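User: I'm new to this one and would like to go through it with you piece by piece. Could you take my questions as they come?

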Amino acid sequence: DSNGSTTLVIFGASGDLTRRKLVPALASLHSKGRLPLDLQILGVARSDMDDEQFRAILAEWAALSSRIHYLHGDVTSLQDLEAVKDKLASIEGNGGSHNRLYYLSLAPSLYRSAMSGLGESRMSEDFDGWRRLVVEKPFGTDLTSARELNDVAHSVFREDQVFRIDHYLGKETVQNLLVFRFANAIFEPLWNRNYIDHVQITVSETLKIDERGDYYDQTGVLRDMFQNHLLQLLTLVAMEPPHAFEAEALRNEKVKVLNAIRRIRPDDVGRHAIPGQYRTYRDESGVSPESDTATYAAVRLHVDNWRWQGVPFYLRSGKALRNKSTEIIIQFRSPPHMLFPLADDEDIPANTLAIFVQPDEGFHLEFQTKTPEAELQMRTAELEFHYHEAFSGQAIPDAYERLLLDALNGDASLFTRSDEIEQAWSIVDPIIEGFSLPTAPRPYYYSEGSWGPVEADRFMLTDGRAWLQAGRAGSAMP
Ligand code: BG6
């Protein structure tokens, strides 16, 4: 075929991620006619895959079946990679350019040998078309291992061939943060220490750890959620405007924010972070009965630069909490002087802007209004924007749709660069280390369906603040 081809090679095609995320994303892109016309898909998986899984996968791939190819193979075996090469050659045919996107949908422990294998088999060099690599999170388990992984990646691929996934960046509302900040002129002038009191970023989940006990007990919430998703949200809130909406410019600005985050000393972690564990966590399968793994954390970070000096960023995330919700709340400063009567125990109200990443995507802006009739009484009101109202009938696509298309198009804007990954580890490593010191607080228990340990509320209280629940004007979370 002289028109050329693009092949998505999924290593680990029998895995959970492939079934839960990649296949539905590909099927949806296909139904919208958004997949490149010349796209072929080659699934590679180890032969010990369970038949039932394989059948289930094939069933879901039915819509795409004419483009699907499958090969039993182990990415860590050079011999099997030769077979993959042969298979690719037969899919690609002769003539035209042949592009390949290698997707590592594998256990993270296999990333290293998968990358070196692709290098040794000379599958990484742009030859008769481009070659790119997509790697899932977690990228390393700490700074040292992430550096090693980056070294291996760079010995095989150029950085611009490597696409490290943080699926939060593929979420519509996360991208909208940049549009909100940089396509509007009214917020940016206020977006600094002169007008913002503090920022809260909450990623709460109702999910427990389910079948992932083995993974999770080694990982904990700081590695699982903070190193990637929460810090990514923080960088998008705090970054300077890039000079262009383009991968390098964007990621340069994000790296500057990560660089500017004040590192927490391990022996001082108790003053800046609160670990929590849901009460029945130690009974979960795969979890040690004495486990001190944090399933919840609240962390106060400071961004030491001109714009943000003195503005705390409070980050929290946990499993088994009351709601599934990801929200960013910007609390502005209070008016400097209040003309209107307040009840004795009331503080001068502050405006807040709540950005809902999920669910009920949108934002709320809170402000004070005069209550009708009542002489000079005020009430907090809200301006609300909801995606489902504004774009009714338009479903919000899953993050993987966007990320797969971007990787196929070679746009790395929504992927994490090697230096970003390393900076992020260097921020969470000392916190994780601190939590493991004998002097550090043990994780505080919290009940399932709560908002986390009460210590996290006290933590805010000592700063004279409270966790805010967006969409419930002015009220602190119960
Ligand atoms: C993953 C974590 O990266 O993100 C999971 O490993 C977590 O533990 C998930 O549940 C949350 O993603 P989302 O898109 O459901 O908010």
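User: Where does Pro359 lie?

Analyst: Pro359 lies in the loop between β12 (352-358) and β13 (362-370), where strands (E, at least two residues) and helices (H or I, at least four) are DSSP runs numbered from the N terminus. A cis peptide bond joins Gln358 and Pro359, with omega about -15 degrees.

User: And what about the peptide bond from Lys137 to Pro138?

Analyst: That peptide bond, from Lys137 to Pro138, is cis as well, with omega near 0 degrees, and Pro138 is found in the loop between β5 (131-135) and α5 (143-156).

User: Before I go on, how should I read the model and its numbering?

Analyst: This is a predicted model, in which local features need pLDDT of at least 70 and side-chain atom pairs count only at pLDDT 80 or more, while totals for chains, interfaces and linings use all residues. Residues are numbered from 1 along each chain as its sequence is written, and side-chain values use heavy atoms, with hydrogens and water left out.

User: What is the mean pLDDT of the protein chain?

Analyst: The mean is 92, and 94% of the residues reach 70 or more; pLDDT is the predictor's confidence in each residue, from 0 to 100. Over residues 472-478, however, pLDDT stays under 50. The model scores ipTM 0.98 and pTM 0.95.

User: Switching to the ligand, which residues surround it?

Analyst: The ligand is surrounded by residues including Lys137, His167, Asp224, His229 and Gln358, where a residue counts as near if one of its heavy atoms lies within 4 Å. The shell divides into two nonpolar, three polar and seven charged residues, and its largest share, three residues, comes from helix α7 (residues 213-238).

User: How far is an oxygen atom of the ligand from the side chain of His229?

Analyst: An oxygen atom of the ligand is 2.7 Å from an N or O atom in the side chain of His229, which falls under polar contacts, pairs of N or O atoms within 3.5 Å. For Lys137, the distance from a side-chain N or O atom to a ligand oxygen is 2.8 Å, and a polar side-chain atom of His167 also lies 2.8 Å from an oxygen atom of the ligand.

User: Last topic: how many aromatic pairs are there?

Analyst: The structure holds 16 aromatic pairs, meaning rings of Phe, Tyr and Trp (its six-membered ring) with centres within 6.5 Å, counted as stacked with planes under 30 degrees apart, edge-to-face over 60 and tilted for the rest. The rings of Tyr314 and Trp467 have their centres 6.2 Å apart and their planes at 80 degrees, so this pair is edge-to-face.

Note on methods. Contact means heavy atoms within 4.5 Å. A polar contact is a pair of N or O atoms within 3.5 Å; within protein, one must be able to donate a hydrogen and the other to accept it, and residues adjacent in sequence count only if both atoms are side-chain atoms. Ala, Val, Leu, Ile, Met, Phe, Trp, Tyr, Cys and Pro count as nonpolar, Asp, Glu, Lys and Arg as charged, and the others, Gly among them, as polar.
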